[in-house]
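Here is a short briefing on the spaces inside one protein model and on a few residues of interest. Take a look at the structure first, and then we can walk through it together.

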Amino acid sequence: MALHELTIAEARAQLDRGEITSVQLTEALLERIAALEPTLHSFLTQTPDLALQQAQAADERIKAGNATSLTGIPLGIKDVIVTKDVRTTCGSKVLENWVPPYDATVVSKLNEAGTVTLGKLNMDEFAMGSSNENSAFGGTRNPWDTERVPGGSSGGSAAAVAAGQAFGTLGTDTGGSIRQPAALCGIVGLKPTYGRVSRYGLVAFASSLDQCGPFARTVEDVALLLETISGHDPKDSTSANLPVPDYRASLTGDIRGLKVGVPSEYFVDGMEPGVEKAVRTAIEQIKDLGAEIVEVSLPHTKYALPVYYIIAPAECSTNLARFDGVRYGVRLEGNGLFDEIESTRGQLFGSEVRRRIMLGTYALSSGYYDAYYRRAQQVRTLIRRDFQEVWSKVDLLAAPTSPSVAFKIGEKADDPVAMYLSDVCTLPINLAGVPGLVVPCGFSDNLPTGLQLIGKPFDEATLLRVGHAYEQHNSWYKQHPSL
């Protein structure tokens, strides 16, 4: 097995036995990145010098017997997460040359664990998109078919893992941006419960929805990453002050007696037959492993898409007001301050970001706030109550992740509504603030599909337990794209 095909757990075992070094792992992945980047464009900024320095320090730490579960493991970071002294662009021309003076909390936690940072990963501008085509620096391509999208907005994070350019990565999920690209790239991705992982240093898109989470090849690897980045952070007022479980301890392989709900509303009209077949087959396998399958209903699911596309643009219009070229970022010259701000925002923001800012500003404007934003928040409460009621009947839910496999680049670029529908199965989870895990569950038309497991608040352990049990009875995670 080539080094880039190892899982984090396999690499950890070899590091601990002294069979390989972190420097060797890092050099192998840097070579892989160099070979594939002209085709995939997963990275916006590569940090080979920093990576080798960190790898050398990790090898010394391993020799001294002070290694953690992630010491010496090369990872990538989505470019919406700030990194001290390393360029952070958010996929936007507005921040093309911005170098933050501090690390996000999740980055600090990885650094403390002794990980290796390979670079910053490509993304839709300010995390707004479902295909990675909205990156101001050119989109990422799907490793399984380079004429197709990897999903978004964390497309670079997903593609890098699928292509063997990193053992694991961090992404963010506002409406499905970890889970949808994980499904489209055939890897594991987890959106934690809102508040489980600190948002400090995560450049905000929609503050009540954003959450940082991990990508990896296996559920065990995701558990290792989640355990490292989770925990209360006094710098983040939305961070939950709860203990972090030993997630690996939950990977028992035994799911007998668990009740798994299947919400009919998630099998939407227009879903590709191959996707539905793969998901339903996966649910049957979970039943064969001893879980009880229960049909359930989440009746307000149909309102999730319009609710999301009022709340998220409203919050983004407020958060992105800071990018005016006055305090930081790129500034275009103009005839006076107002003209400079208008030029900077009008010319440097991409079309999707401008669209959402305008939608959000309209929804928050005088005379429309009650009709749109307030009403959307009221319906959001109903969506959340649907989940609260169903937890009295089941332990978790199983559903599709995306209604289709990866679509061709440019196929939906001129139809924003069709693009928004790509997230129809993932949006409710963000509105409710509950966790969601995606595991590969087969192929349709030779392209990956993903099973989405949805859990109770702060019960990521059960999702990981079921996802791991299903994964171990299949070989999907062992398959790699031919590159």
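The largest cavity in this predicted model has a volume of about 70 Å³. A cavity here is a set of points, on a 1 Å grid over the protein atoms alone, where a 1.4 Å probe fits but cannot get out; grid points are joined across faces, edges and corners, and a volume is the space filled by probe spheres set on the points. As the model is predicted, local features need pLDDT of at least 70 and side-chain atom pairs count only at pLDDT 80 or more, while totals for chains, interfaces and linings use all residues. Residues are numbered from 1 along each chain as its sequence is written, and side-chain values use heavy atoms, leaving out hydrogens and water.

**Cavities**
- Lining residues, those with an atom within 4 Å of a point, include Trp144, Cys185, Arg217, Trp476 and His480 for the largest cavity.
- The lining of the largest cavity divides into seven nonpolar, three polar and one charged, where Ala, Val, Leu, Ile, Met, Phe, Trp, Tyr, Cys and Pro count as nonpolar, Asp, Glu, Lys and Arg as charged, and the others, Gly among them, as polar.
- The second largest cavity has a volume of about 50 Å³, and its lining has four nonpolar, five polar and two charged residues.
- Among the residues lining the second largest cavity are Ser130, Thr174, Ser177, Arg356 and Asp423.

**Annotated active site**
- An unreviewed UniProt entry places the feature "active site" at Lys78, Ser153 and Ser177; UniProt positions are given in the numbering used here, feature names are shortened, and annotations may be inferred rather than shown by experiment.
- These residues span 100 residues in sequence, yet no two of their C-alpha atoms are more than 11.2 Å apart, so they gather at one spot.
- Of these residues, Ser177 is included in the lining of the second largest cavity.
- Lys78 counts as buried at 0% relative accessibility, and Ser153 is buried too, with a relative accessible area of 1%; buried means under 20% relative accessible area, exposed over 50%, and partly exposed in between (1.4 Å probe, protein chains only).
- The side chains of Ser153 and Lys78 are joined by a polar contact of 2.7 Å, that is, a pair of N or O atoms within 3.5 Å, where within protein one must be able to donate a hydrogen and the other to accept it, and residues adjacent in sequence count only if both atoms are side-chain atoms.

**Another buried residue**
- Glu340 counts as buried at 10% relative accessibility.
- The side chain of Glu340 makes a polar contact of 2.4 Å with the side chain of Arg331.

Note on methods:
On a 1 Å grid over the protein atoms alone, a cavity is a set of points where a 1.4 Å probe fits but cannot get out, and a pocket is an open set with protein on both sides within 12 Å along at least five of seven lines; lining residues have an atom within 4 Å of a point.
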